[in-house]
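Please go through these notes with the model open.

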Amino acid sequence: MNIAVLAGSPKGEMSITLHYVKYLQKKLPEHEFRVIQIGSQIRKLENDAAAFQSVLDEVRRSDAVLWCFPVYVFLLPSQLKRFVELVFARYAESAFVGKYATALTTSVHFFDHTAHNYIRAISEDLGMNAVAGFSADMEDLLKPACRDNLVAFAGNFIRTIADRSPVEKVFVSINSDVPEYKPPEIPDVPKTGTRRIVLLTDAGEADINLHRMTDVFARSLPNAVDVVNINSLDLKGGCLGCCRCGESNICVYHDDLLPLFRDKLMSAEAIIFAGTIRSRYLSARWKIFFDRMFFNGHAPVLMGKQMASIVSGPLRQLPNLRQILEAESEMGRMHLAGIVTDEDADSARITALLKDLAARLLRHVEEHTPVQPTFLGVGGHKIFRDLIYELRFVFKADYLFYAKHGLFDYPQKNIRKRLQTGFFSLLTAIPAFRPAFYRMANSKMLEPYQKVVDQA
Ligand SMILES: Cc1cc2nc3c(=O)[nH]c(=O)nc-3n(C[C@H](O)[C@H](O)[C@H](O)COP(=O)(O)O)c2cc1C
């Protein structure tokens, strides 16, 4: 079988994920895994039509595509996201149509599911037969059992291609048309508030709905808004994955990102992210921005701020993207005041939602509304906590932040709970005690809650 491996890591040949493919090349020599570097070559692919065409030619003459990339910030690296955009923008879908596709990622299993959902949905959009991918922990290749799983996964994929097995489509196709948003003339509300509010947008000239929505939002807010268009920032490129920022949160790029963070975002009380949906996510420009925020490591440096989003595009059809936006808020420990989109045909309703968002955002700033995490925030925190503890020699700044803010909240540090657990473990080990334990368990468990209610 002839498999085109689209390699998305910006680290190119130094990619860990790529070494999973190299392993497959050795273990399955009867099949060809032809690696095409995308992540490290994105500038060339953007600017050199022949280089882009040669990628398409490789895909065309392959039996299947293997998307091979590290999970970056809930998704794939900005460089690979840009490639996806280019394929659609240059009407190059025909190179992919009808081929089988799957994904091989490495990560620490933090939102690898949203990354896999994404690439599977994109593969389906390209008319491919997309098969569930293989999400490896970055260290899995070092473990014999995991290596066997990897080879089994590749074997199954190859069998699927050989048998031309039917593949279930998982995601609905997206209707990207949104009605034109026609707001009425909105008078500027006097800017009497003194809150520091920053609105980041990537609106280009063609993003009329987004311009109108952010404009209505800013006019309705009785507080000045500092609007920053991220297209006007000098960003030297996407995150390179070098992790040199781990020591003291300084990126190897010297561009506008650090000053923006230092001078505006760190002191802001609310941040609004505004963007237009492109290829099932926000723009690749936004992805550069989010990936590059990794210079802060895993520390929620913007915690305590309010967050909101204004999105142009079919967000209701993209629960995966909504989950990512919600996870940005929960992991950043920023309360999400709301997300407004332009999907309603009724412009008056969108205007009302934007005005309401403006009012609520200010109220939340004043009340310091905290984020109430779900599994996204709680589960994510535990993964980061363990990772930073283990890799504290790389993520030194993270380690100091976590230690300072009490984020190493391991259960074994709670002495009272440990004693309690030890005591009950001993008791419940006595067979004669167990029936009495279960008889009393529910009422005893409720006692502290009842006390709180009684004392309220
Ligand atoms: C900017 C950046 C963002 C990352 N985001 C995630 C993430 O969201 N989830 C995750 O599990 N791992 C994340 N990682 C970890 C990488 O996925 C992991 O280290 C991967 O194995 C690197 O593979 P590579 O060497 O092929 O680039 C991130 C790493 C970097 C540098």
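1. A backbone N or O atom of His109 lies 3.3 Å from an oxygen atom of the ligand. For Ile16, a backbone N or O atom is 2.8 Å from a ligand oxygen atom, and for Thr17 a polar side-chain atom is 2.5 Å from one. A polar contact here is a pair of N or O atoms within 3.5 Å. Taken alone, the ligand exposes 650 Å², of which the protein buries 92% (areas by the Shrake-Rupley method with a 1.4 Å probe).

2. This is a predicted model, in which local features need pLDDT of at least 70 and side-chain atom pairs count only at pLDDT 80 or more, while totals for chains, interfaces and linings use all residues. Residues are numbered from 1 along each chain as its sequence is written, and side-chain values use heavy atoms, with hydrogens and water left out.

3. Around the ligand there are 20 residues (a heavy atom within 4 Å). Ser9, Ser15, Thr17, Val71 and Thr106 come nearest. By class, the shell has 11 nonpolar, seven polar and two charged residues, with Gly counted as polar.

4. Helix 1 (16–27) and strand 4 (100–107) each supply at least two residues of that shell (DSSP runs: helices H or I, at least four residues; strands E, at least two).

5. Three domains are assigned: domain 1 (2–163), domain 2 (197–367) and domain 3 (412–455), with bounds from an automatic or database assignment. The ligand lies between domain 1 and domain 2 because both give residues to its shell. The C-alpha centres of domain 2 and domain 3 are 45 Å apart.

Methods: A polar contact is a pair of N or O atoms within 3.5 Å; within protein, one must be able to donate a hydrogen and the other to accept it, and residues adjacent in sequence count only if both atoms are side-chain atoms.
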